[in-house]
Amino acid sequence: MTGPELVLAATFAAIWLLPIGLTIAWERRNRGLRASIERARAERARQGHPR
Amino acid sequence: MNWIAWRSLGAAGLLAVLASTFFVATAASRSFYGIDHPVNLIFYYHVAVAWVGFAGLLLAALASGAYLATRAPGYSWLAEACIAVSFAFITLTLATGSVWARFIWNSWWEWSDLRLVTALVVWFIYAAYLVFRHQAQDGAVHAKAAVFSLVAFVSVPITVASTRLWQSPFHGTSLGTDSVSIHGLAFALSLIGTGLVYPYLVATRWRTHRLADELEAIEAQA
C-alpha cells in the first residue's frame, strides 16, 4: 500500500471506529455506574435502610 | 423507549452505513469537480456527519433553552449529550475534510477558506463548552452552560451558510452543483445511518448522566 492509500484507509477506519469507540467507552461507563448503584443500595440495605 | 429499542436504532444505523459503504465502493462516481480520485468518496461520510452533527447542536440549543425555562436536569443532560456527540462528529468532519483537501488541494488546511475556519471556530467553541460544563455538577454551572450553548449556537448557521454567504476560494457548495455527481441511494443511506447512530449515542450519554445522578442521590442519603 502506498502512503496516500494508507492515509485514505485510516480515514475510512476512523469514520467507523469513532462511533464504535464512543459506544464501547460509554456503555462500559454505564455498566460501571450501574454496578456502583447496586453496591451502594446493597450497602444501605445491609445498614438497615430501606431501598 | 426502552434500552433494547435504542440499541436496535444504533444497530440499524450501522447497517445503513454499511449498505451505503457497499454502494459507495461499487457504484458511486469518484469524479468530483472534474477530478477523478478515490478520496472523493469521503464526501458520502464527510457531509453526513457534518449535517447530523450540526443538526444535533440545534437540538442542544433547544434543550438548553428548555433547561433554563424548567430547570429539569434531564434537559441539561440532553444538551450535554448532544454536544458531546456533535463534537465527535464535527471532529470527524474536520479530519475527513482535511484528508480530502490533502489529496485534492495538496494542502491539509487553508486558512483563507471561510468554511474551514468557521467550522474550526465551532469546534473550539464547543470544546470550551464541554470543559466548562464538566467543571462541576451543580445547577449554577449547568445554567451557565445552557446560556453558553444558546450563544454558541450562533456560530452554527454562520458556518453552514458560509459557502453561500461569501465567495469561498476553496470549499465550494457540494450539493446543487453540476460538477458533483452524487449516488443518491448511497448518500441517503449514509445520512439515514448517521441519523440513526446519533440518537443512540446521545441516549447512551444521557443514560450516563442519569445513572451518575442516581448514584449521587444514593450516596447523599448514606
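So, Phe132(B): with 14 C-beta neighbours inside 10 Å, this residue counts as partly exposed. On the cut-offs, buried means 20 or more other C-beta atoms within 10 Å of a residue's own, exposed means 12 or fewer, and partly exposed is in between, with C-beta atoms placed from the backbone. Keep in mind that this is a predicted model: local features need pLDDT of at least 70, side-chain atom pairs count only at pLDDT 80 or more, and totals for chains, interfaces and linings use all residues. Residues are numbered from 1 along each chain as its sequence is written, and chains are lettered from A in the order in which they are written.

Okay, where does Phe132(B) sit? It's in helix α4 of chain B, residues 114-133; helices here are DSSP runs of H or I, at least four residues, numbered from the N terminus. Leaving out residues up to four places away in sequence, Phe132(B) touches Ala145(B) and Phe148(B), where contact means C-beta atoms, placed from the backbone, within 7 Å. Phe132(B) and Phe148(B) are 16 residues apart in sequence, and their C-alpha atoms are 9.1 Å apart.

Now the helix pair. The axes of α4(B) and α5(B) come within 10 Å and cross at roughly 175 degrees. That makes the two roughly antiparallel, a label for angles over 145 degrees. The axes are lines fitted to C-alpha atoms over the stretch in contact, and angles run from 0 to 180 degrees between N-to-C directions. From α4(B) you've got Ile125(B), Tyr126(B), Tyr129(B), Phe132(B) and Arg133(B), meeting Ala145(B), Phe148(B), Ser149(B) and Ala152(B) in α5(B). That contact divides into seven nonpolar, one polar and one charged residue. For those classes, Ala, Val, Leu, Ile, Met, Phe, Trp, Tyr, Cys and Pro are nonpolar, Asp, Glu, Lys and Arg charged, and the others, Gly among them, polar.

Next, Leu196(B), over in helix α7 of chain B. Leu196(B) is buried, with 20 other C-beta atoms within 10 Å. Beyond four places in sequence, Leu196(B) touches Leu9(B), Gly10(B), Ala12(B), Gly13(B) and Ala16(B). Ala16(B) is 180 residues away along the chain, yet the C-alpha atoms are separated by 8.8 Å.

Last bit, the two chains. 21 residues of chain A are in contact with 24 residues of chain B. On the chain A side, those residues split into twelve nonpolar, four polar and five charged.

Definitions and conventions: Contact = placed C-beta atoms within 7 Å. Parallel < 35°, antiparallel > 145°, perpendicular 65-115°, else oblique.
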